[in-house]
Amino acid sequence: MAQQQANRHGSEQRHRTHAWIAIVATVVALMLAVGAIWWAWAHHAHTPRPQATTPALTATPSVTPSGSPSGAAPTASPSPTAADRAQEIVDGMSLDERAAQLVMTPLAAGTDPSAIRALIADEHVGSVILMGNWTSGVAGVREATEMLQSYADGPTRVLVATDQEGGQVQHLQGPGFETMPSEVTQGMMTLANLQAASRGWGEQLHMAGVHVDLAPCVDTVTIDRASNAPVGALDRDYGLDAAGNAQHAAAFVEGLRAAGVGAAAKHFPGLGAVTGNTDFTTDGIVDTTTTRNGPEVQAFAQAIRAADPGMVMISLATYTAIDPDEPAAFSPTVIDGMLRGDIGYGGVVISDSLSASAVSAIAPAELGVRLMQAGGDLACVNDPAFTQPILDGLRARARGDAAFAERVTQSARRVVALKLALGLAQ
């Protein structure tokens, strides 16, 4: 009996063991099957599929026709970057039209915009500076800027600028334009308050159809203020040391940007150590103290790197410790070497007024040429009589000099890129 029970228990134990083995084998088999299915799916999903050969992309976005032999679904070309679009626009211009993008002609207060209609409509001049004391308010300025835009016929609109610094330099006044304090007073404001105030001033410009404020002055006055005719005597600087000036300038630029308006940091590399005003004299406009890496230049470097203004304006003074042979606006050392190279600025370099007394010894037809040869982009003038000679000079040199023509093209791309950023081109 005991032997039978033992045999029975042994038989049952073997059956249970066989059953467990069968279950385990089944589970393993199922896991292997699932794994095989997953591997096959993953391999299929991640294996690159053969692509139909497509033609090279052109400058104009295109799609593959749905009826093409490949049978592929229509695929839009990638959207061009701003730089690509600027290049595309400039490539569609004639050389004469590219040169015209590099000139900013003036419109004085009280002058009917039709006075410069031919320059915009026929010569394709791309920028205008509003000069003098406009007292017609936002509505009056807007009426004038809309007329200017009506003359433009091309892929870009007219870039309109003015000097709206504050204090004694505020060209646009009247209803809708707040009276701006001088830069010295602005220098007493907190950075946050200055940025907020600048945004408000920028919004007024934007409503008037003005796209760039040729401000702020980043000059650091290093001599007696009263004897510094272009800046200190007029309270056009922030009245601080170089670092403080840089911080306030950056806040001003950021405020304008928030309003959709560009800025021009000026007057690189600084007018704080001369006694003469370059607009009106050839005397006292040689700076003997500013150096390439000195604090006055570093103020510009800090402001530019912090806020990246759309423009930097180059002064007409001469800096003996930097380039004793050329005014800054005509100096490759100042523009290509310091501003482009040392600081790394890639935006639009605009001249101070090339109709100023400081450069009166140079033939008007050579002024724009010398600016471009030094690395500048935009020739600004306050006297309308200089516009056509400067434009003619640029065109004549570009037609006969391939290297200069390439400089014109590069500068036109920078100007058009700024216009794209300001909504003046698509």
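**Close-up views of the predicted model**

Figure 1. The model shown here and in the legends below is predicted. Its protein chain holds 13 helices and 13 strands, and 47% of its 426 residues are buried. Among the contacts in the chain with a separation of 6 or more, 75% are accounted for by residues 24 or more positions apart.

**Figure 2. Helix H8 and its surroundings.** Twelve of the 17 residues of H8 are buried, so this helix is largely enclosed by the rest of the structure. The buried set consists of Ala242, Gly244, Asn245, Ala246, His248, Ala249, Ala250, Ala251, Phe252, Val253, Gly255 and Leu256. These buried residues pack against strand E4 (164-166), helix H6 (183-186), helix H7, strand E6 (212-213), strand E7 (262-268) and helix H9 (295-307). At 1.5 Å a residue, the 17 residues of H8 should span 24 Å, and the end C-alpha atoms lie 25 Å apart, which agrees.

**Figure 3. The packing of helix H7 on helix H8.** Helix H7 (residues 191-207) meets helix H8 (residues 242-258) at an angle of about 40°, and their axes are 7 Å apart. H7 and H8 are therefore oblique to each other. The crossing of H7 past H8 is right-handed. On the H7 side, the contact is made by Leu191, Leu194, Gln195, Ser198, Arg199, Trp201 and Gly202; on the H8 side, Gln247, His248, Ala251, Phe252, Glu254, Gly255, Leu256 and Ala258 take part. The residues of this contact between H7 and H8 comprise seven nonpolar, six polar and two charged.

**Figure 4. The packing of helix H2 on helix H13.** The angle between helix H2 (residues 82-91) and helix H13 (residues 402-421) is about 120°, with a separation of 8 Å between their axes. That angle makes H2 oblique to H13. H2 passes H13 in a crossing that is right-handed. H2 contributes Ala82, Arg85, Ala86, Gln87, Ile89, Val90 and Asp91 to the contact, while H13 contributes Thr409, Ala412, Arg413, Val416, Ala417 and Leu420. By class, the residues of the contact of H2 with H13 are eight nonpolar, two polar and three charged.

**Figure 5. Aspartate 91 in helix H2.** Aspartate 91 belongs to helix H2 and counts as partly exposed, at 41% relative accessibility. With neighbours within four places in sequence set aside, aspartate 91 is in contact with Arg98 and Arg413. The C-alpha atoms of aspartate 91 and threonine 409 are separated by 8.4 Å, although these residues are 318 residues apart along the chain.

**Figure 6. Helix H12 and its buried residues.** In H12, the buried residues are Thr387, Ile390, Leu391, Gly393, Leu394, Arg395 and Ala398. They pack against helix H3 (95-100), strand E1 (103-108), helix H4 (117-121), helix H11 (364-374), strand E13 (379-380) and H13. At 1.5 Å a residue, the 14 residues of helix H12 (residues 387-400) should span 20 Å; the end C-alpha atoms are 21 Å apart, which agrees.

**Figure 7. Threonine 105 in strand E1.** Threonine 105 is part of strand E1 and counts as buried, at 0% relative accessibility. Not counting residues up to four places away in sequence, threonine 105 touches Ile116, Leu119, Val125, Ser127, Val128, Ile129, Val381 and Thr387.

Figure 8. Most residues other than glycine have a negative phi, and most peptide bonds are trans. A cis peptide bond, with omega about 0°, links lysine 266 to histidine 267, and histidine 267 is located in strand E7. Another cis peptide bond, also with omega about 0°, links phenylalanine 268 to proline 269. Proline 269 is located in the loop between E7 and strand E8 (286-287).

**Figure 9. Two aspartates with positive phi.** Aspartate 235 is not a glycine, yet has a positive phi of about 55°. Aspartate 235 is situated in the loop between E6 and H8 and counts as partly exposed, at 32% relative accessibility. Aspartate 308, likewise not a glycine, has a positive phi of about 45°. This second residue, aspartate 308, is found in the loop between H9 and strand E9 (311-314) and is partly exposed, with a relative accessible area of 47%.

Key
Residues numbered from 1 in each chain as written. Predicted model: local features only at pLDDT ≥ 70, side-chain atom pairs only at ≥ 80, totals over all residues. Heavy atoms only, no water. Axes fitted to C-alpha atoms, helices over the stretch in contact; angles between N-to-C directions. Helix = DSSP H or I, 4+ residues; strand = E, 2+ residues; numbered from the N terminus. Parallel < 35°, antiparallel > 145°, perpendicular 65-115°, else oblique. Left-handed = near helix turned anticlockwise from the far one by under 90°. Contact = heavy atoms within 4.5 Å. Nonpolar A, V, L, I, M, F, W, Y, C, P; charged D, E, K, R; others polar. Expected span 1.5 Å × (residues − 1). Buried < 20%, exposed > 50% of the residue type's maximum accessible area, 1.4 Å probe, protein only.
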